[in-house]
Amino acid sequence: SLLSSDAVPTKTAADRNVRPTPLKEQQLPMSRSIGNTIADSLQLGLGYGERLLKDITAEQFARLARPGGEVIQSNHAAFVYGHLSLYAPRILSELKCDAPTVPDAFQECFSMKAECVDDADGTIYPSMDEVTSLFFDGYRAALKAFQVADDEVFQQPNPLGGGMAEKFPTMGSMHHFYVGGHMMIHMGQLSAWRRMLGLGPA
């Protein structure tokens, strides 16, 4: 019968030697805070932003590219770093952290409604040092703020409201766009500008 001892399968030597995988060797799901997940993208963007500055001079920083002598209306380095520098202070303020003060000149030159223009005489835009300092100081501070912020902070509604809140309903989704998609859109413009100036890839 099926209940007899003859019906019970015997263990082979191989069966007896099989051991369960120790817990420490198993691939367990990684748990990371929302802030650290956002910080991963920002860390990549900051590194890219540093590399893209290679070989750019202060004289080139706010000039439109002229490949073959033809002026190309494509955002130059001053505009890219200046425009992006406006968002780190906003992130820090929304995370209730100390934020650098954005000079009025930056708002005028680099807002989303501003036009990128050629600055042959160096009189329109802030200096290269001013622009890059605000950019890197702001985003390095934002990086640290992301890494220590509680998840609940990022679940709050997007304070911008309106159309942006429809696209990015929470503060976390908005911040992730600021330091991910938005930053990389403009870094891509900078990469193309570099090549038109003959500087090559970074």
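A residue counts as buried when its relative accessible area is under 20%, and the legends below apply that cut-off to a predicted model.

View 1. A pair of aromatic rings is described by the distance of the centres and the angle of the planes. The structure holds eleven aromatic pairs. One of them joins phenylalanine 106 and phenylalanine 110, whose rings lie 5.4 Å apart from centre to centre with 70° between the planes, an edge-to-face arrangement.

**View 2. The aromatic pair of phenylalanine 135 and phenylalanine 136, with the cluster around it.** Phenylalanine 135 and phenylalanine 136 are both buried, and their rings form an edge-to-face pair, with 4.8 Å between the centres and 90° between the planes. This pair belongs to one aromatic cluster, which is made up of Phe61, Tyr81, Phe135, Phe136 and Tyr139.

**View 3. The largest pocket and the residues that line it.** The space in the largest pocket comes to about 390 Å³, and 18 residues form its lining, with His83, Tyr87, Arg90, Met112 and His182 lying nearest the centre of the pocket. At least two lining residues come from each of three helices, namely H3 (77-84), H4 (87-94) and H9 (171-196), and H9 gives the most, with five residues. Sorted by class, the lining of this pocket consists of twelve nonpolar residues, five polar residues and one charged residue.

**View 4. The second largest pocket and the residues that line it.** About 170 Å³ of space lies in the second largest pocket, which has a lining of 14 residues, and those nearest its centre are Ala58, Glu59, Ala62, Asp119 and Gly122. In terms of class, eight residues of the lining of the second largest pocket are nonpolar, two are polar and four are charged.

Technical notes. Residues are numbered from 1 along each chain as its sequence is written. This is a predicted model: local features need pLDDT of at least 70, side-chain atom pairs count only at pLDDT 80 or more; totals for chains, interfaces and linings use all residues. Side-chain values use heavy atoms; hydrogens and water are left out. On a 1 Å grid over the protein atoms alone, a cavity is a set of points where a 1.4 Å probe fits but cannot get out, and a pocket is an open set with protein on both sides within 12 Å along at least five of seven lines; lining residues have an atom within 4 Å of a point. Grid points are joined across faces, edges and corners, and a volume is the space filled by probe spheres set on the points. Helices (H or I, at least four residues) and strands (E, at least two) are DSSP runs, numbered from the N terminus. Ala, Val, Leu, Ile, Met, Phe, Trp, Tyr, Cys and Pro count as nonpolar, Asp, Glu, Lys and Arg as charged, and the others, Gly among them, as polar. Rings of Phe, Tyr and Trp (its six-membered ring) pair if their centres lie within 6.5 Å; planes under 30 degrees apart count as stacked, over 60 as edge-to-face and the rest as tilted. Buried means under 20% relative accessible area, exposed over 50%, partly exposed in between (1.4 Å probe, protein chains only).
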